[in-house]
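Biologist: I should like to learn how to read the features of a model, one at a time. Please guide me through this one.

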Amino acid sequence: MKNSDINTRVAPTAGKVLDAGQLISPAALVEAYYAGTPDLSQPSQRVHFGTSGHRGSALRNSFNEPHIIAIAQSICLYRKRHGIDGPLFLGIDTHALSRPALATALEVFVANDIVTMIDVDEGYTPTPVISHAILAYNRGRTEGLADGVVLTPSHNPPEDGGFKYNPPTGGPADATITGWIEERANRLLDGGVRAVGRVPHERARRSPCLRRWDYMRRYVDDLAHVIDIEAIRTSGMTLGIDPLGGASTAYWAEIIATYGLNGTVVETRIDPTFGFMTADWDGKIRMDCSSPYAMSRLIGMRDRFDLAVGNDTDADRHGIVTPIGGLMPPNHYLAAAIAYVFEHRPEWSARSGIGKTMVSSTMIDRVAARLGRQLVEVPVGFKWFVDGLHSGALGFAGEESAGASLLRRDGAVWTTDKDGLALCLLAVEIKARTGRNPDEVYRGLALEFGESWYERIDAPATPQQMDRLRRVATDQVRATELAGEPIATKLTAARGGGAFGGIKISTETGWFAARPSGTEPIYKLYAESFRSADHLRAIQQDAAVIVQELFGEDYPPGKPAG
């Protein structure tokens, strides 16, 4: 995607490795985790579950030991309240705060007599692997159901930590669940986290409630039931893989060894400073496999492989790099993957539909119509897809932010959380079985349905601005035209149900949507045109004016996020 005329602020260090002096100090971060005390009069220092769990940093007093004690105890209370009495599958990513948070969470879970499953080798566990473990354990059960926790802030910067809860359905908890946990956790924080169960760490380690689980073996051995790995193996394709220093690093090595793939993990270092990473658009390190700046190293290697892929830190997102096209825009890959997979999964039910978010490309709508599959459009957040994937009502579900999952080859549930590993392997399967890279598949769709110009722009936003946008009503938008066309629809809720938490405005040949991020202090402007790049810029410019009016002040949008 081309940069728009809207002001951008791409840092001079974007796409480059930072100097050592610009990296975090993991030791100082861990010290702050234990020593920091949140100021509960500040909303930013209380527990808040966004679209993907609670995230924060010990350096900002938003991810410290009291937060983890309170959230873990609240999950124990939620489990008791709802009769969830099976094991809790617990995993971590490679962020510096994940291990200390694991230690704290174990002390609380064990004190509450919860059987807690950790990795057999105390290694790192991707988010989709936790979802897979929950669903595999619960298959055929009606009682003693398992749930799970992943300690990860996903692709966020190295100084951040995160806490995600997945109930027995295996995917991200819905707003009702997270709202209850958030409220109870903040109540515990207000009480000084005294009303909690907790045992000393060494005692937790010796407890029979703490058990080991071979996450990797179970997940890797099962991959052939979701991906045609035999087609990949026999193709002999060369595959380059960059886990971006995340939890999938060891998994990719095991996948290559188990299935005899011609793959190379181009970066195997695990370093909590992530000093080997190239900086993202704003000069910050961010393990975003959909960002050309964060993925610049792998993009530079694209000529060495038939296909190259990457994951973010907890491997719930995918990045696809082809020799000619480079890093695929996420919407392009989603459209190509949907077009392919529904024609190469004969055992799937004819009733299995396609899930997309309100801010994903309209190209997906056109592909779904050609396939004759029901399209379910939901707000942003993978939690909206959980029930559909779990029941098989959705065969494939994806978000424009490069997260998706799909059913097993026989039409049964695989994961109900995003699976970046499976989606990367699906891209390789596409090439192996069709002889075309996913970007070539997308070019065919563009010839069939018309070219699309799509762009997302991110910018910092204050809490007040984010709240104003989150609560916007359609009658607050006074505009009647967008880029010279009459406005056809103004939406603050998805057609498939659920509040958007922002606004989407559409015309016959284009649209834009604006919403605050649920995980970072930024505002996101999405726009798409089916006419031209100039028309996209006109949409963005009119959208900026509309957003400024909603904010009631001048507001400069930020950078393109492709």
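Biologist: How much space lies in the largest cavity?

Modeller: This is a predicted model, and the largest cavity in it holds about 90 Å³ of space. Of the 13 residues that line this cavity, Ser52, Gly53, Tyr165, Pro172 and Ala173 are the closest to its centre. The structure holds five cavities of 30 Å³ or more.

Biologist: Which element gives the most to the lining of the largest cavity?

Modeller: That is β6, with three residues. Both β1 (49-50) and β6 (160-166) supply at least two residues each. By class, the lining has four nonpolar, six polar and three charged residues.

Biologist: What is the volume of the second largest cavity, and which residues line it?

Modeller: The second largest cavity has a volume of about 60 Å³. Its lining consists of Leu90, Gly91, Ile92, Arg99, Leu102, Ile118, Asp119, Glu122, Gly123 and Thr125. Two or more of these residues come from each of β3 (88-92), α3 and β4 (116-119), and β3 gives the most, with three. The classes here are four nonpolar, three polar and three charged.

Biologist: Arg99 is one of those lining residues. Where does arginine 99 lie, and what is it in contact with beyond its neighbours in sequence?

Modeller: Arginine 99 belongs to helix α3 (residues 98-111). Leaving aside neighbours within four places in sequence, arginine 99 is in contact with Ile92, Glu122, Gly123 and Tyr124.

Biologist: Why is arginine 99 classed as partly exposed?

Modeller: The class follows from relative accessible area: partly exposed lies between the limits of under 20% for buried and over 50% for exposed. Arginine 99 has a value of 33%, so it is partly exposed.

Biologist: How many residues of α4 are buried?

Modeller: Ten of the twelve residues of α4 are buried, so this helix is mostly covered. Among them are Val129, Ile130, His132 and Leu135. Helix α4 (residues 127-138) reaches 17 Å from its first C-alpha to its last, close to the 16 Å expected. Just after α4, glycine 140 takes a positive phi of about 85°.

Biologist: Where does pLDDT stay under 50?

Modeller: Where pLDDT is low, the predicted coordinates should not be read in detail. In this model, pLDDT stays under 50 over residues 1-7 and over residues 554-562. The mean pLDDT of the protein is 95, and 97% of its residues reach 70 or more.

Technical notes. Residues are numbered from 1 along each chain as its sequence is written. This is a predicted model: local features need pLDDT of at least 70, side-chain atom pairs count only at pLDDT 80 or more; totals for chains, interfaces and linings use all residues. Side-chain values use heavy atoms; hydrogens and water are left out. Helices (H or I, at least four residues) and strands (E, at least two) are DSSP runs, numbered from the N terminus. The expected span of a helix is 1.5 Å times one less than its number of residues. Buried means under 20% relative accessible area, exposed over 50%, partly exposed in between (1.4 Å probe, protein chains only). Contact means heavy atoms within 4.5 Å. pLDDT is the predictor's confidence in each residue, from 0 to 100. On a 1 Å grid over the protein atoms alone, a cavity is a set of points where a 1.4 Å probe fits but cannot get out, and a pocket is an open set with protein on both sides within 12 Å along at least five of seven lines; lining residues have an atom within 4 Å of a point. Grid points are joined across faces, edges and corners, and a volume is the space filled by probe spheres set on the points. Ala, Val, Leu, Ile, Met, Phe, Trp, Tyr, Cys and Pro count as nonpolar, Asp, Glu, Lys and Arg as charged, and the others, Gly among them, as polar.
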